[in-house]
Amino acid sequence: MQTAILIVDVTGSTPLYVQKGDEIARQTIDRCLSLARRIADAGGGHFISSKGDDVLYRFDAPDAAFAAARRIMADAPVGGLRLHAGLCSGEVIRERDDAFGLTVIRAARLSALAQPGEILLDGETVDRLDAAARATLVRIGPVMLKGIPEPVRVHAYRAMDAVQLTEAAAVGQPLEGRAQVMVVIRSLRGEQVVREGVTVTLGRAEDCDVVMSDPWVSRRHATISVMQGVAELVDHSSAGTFLAFQDGRRLDLLRRNVTLAGSGRLSLGMPPDDPRAQALRFDVVPTD
């Protein structure tokens with residue numbers, strides 16, 4: 001049967017057990033998941049199962065599932081916890097009180113990949129959403145998921161903060177209305193300028209445009225490009241790319257993209273404040 005599968009998981013449960021103890025942590029997590037279930041039930045979801053710190057729901061329509069997931073991200077977190085989710089559409093096999101199939105597996109993989117406060121959706125789900133819902137999403141791109149032979153088109157919905165608002169504005173703005181920009185990258189080896197239509201590679205391989213020799217850096221770790229007035233950083237690594245913006249915001253990327261704006265530091269494979277990291281300076285500046 002065609003359906004939408006939503007898996008919602010608690011973020012940061014292990015530190016809560018360490019900080020608060022087993023009893024308080026379990027009570028807090030239970031309250032969080034109970035709220036998530038009430039929201040999903042009210043949104044037309046059909047409860048399937050709960051394992052550990054997650055809940056799995058089936059929805060008849062992707063738009064109802066997405067609406068419920070957004071409400072869960074906003075209203076269900078309690079006690080300092082946050083949630084993350086995966087949402088996929090397709091064929092599902094129902095047996096007794098459980099669901100099986102690649103749609104469920106994709107949803108589980110996306111939920112595991114999602115950051116706190118984030119919903120990751122596959123392309124089949126996004127294609128079935130209305131235009132208003134699609135406008136709230138950020139394209140991640142084709143992603144290889146464990147056990148899935150073909151790359152999956154992935155989009156993300158994130159609880160709106162300054163970073164996501166910047167991304168949404170940049171992605172949605174027509175080319176003729178955008179200020180043209182370039183990215184200036186400064187490292188110990190000098191300065192690299194990324195102009196419109198140019199893509200610069202960062203990594204350990206000697207043929208990268210910006211070479212970082214640290215062993216935790218992938219051969220082709222990340223790329224920075226400017227296309228149609230938007231500066232974008234894409235992480236291609238298994239260790240991640242870390243951003244520290246000048247205004248104090250932090251962002252950790254793993255095999256995903258982000259629109260760059262302003263100034264800050266970035267490092268490959270380690271946070272920029274780690275003494276072992278060789279942090280790069282980036283500045284997104286207007287061109288003449």
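Modeller: Ser-263 lies in strand β19, which runs over residues 263-268; helices (H or I, at least four residues) and strands (E, at least two) are DSSP runs, numbered from the N terminus. The model is a predicted one, in which local features need pLDDT of at least 70 and side-chain atom pairs count only at pLDDT 80 or more, while totals for chains, interfaces and linings use all residues. Residues are numbered from 1 along each chain as its sequence is written, and side-chain values use heavy atoms, with hydrogens and water left out.

Ser-263 counts as buried because its relative accessibility is 17%, where buried means under 20% relative accessible area, exposed over 50%, and partly exposed in between (1.4 Å probe, protein chains only). Leaving aside neighbours within four places in sequence, Ser-263 is in contact (heavy atoms within 4.5 Å) with Phe-245, Gln-246, Arg-281, Phe-282 and Asp-283. With Asp-283, the side chain of Ser-263 also forms a polar contact of 2.6 Å, a term for a pair of N or O atoms within 3.5 Å; within protein, one must be able to donate a hydrogen and the other to accept it, and residues adjacent in sequence count only if both atoms are side-chain atoms. Val-184 is 79 residues away from Ser-263 along the chain, and their C-alpha atoms are separated by 9.4 Å.

For context, Arg-58 is found in strand β3, residues 54-59, and counts as buried because its relative accessibility is 11%. Its side chain makes a polar contact of 3.0 Å with the side chain of Asp-60.
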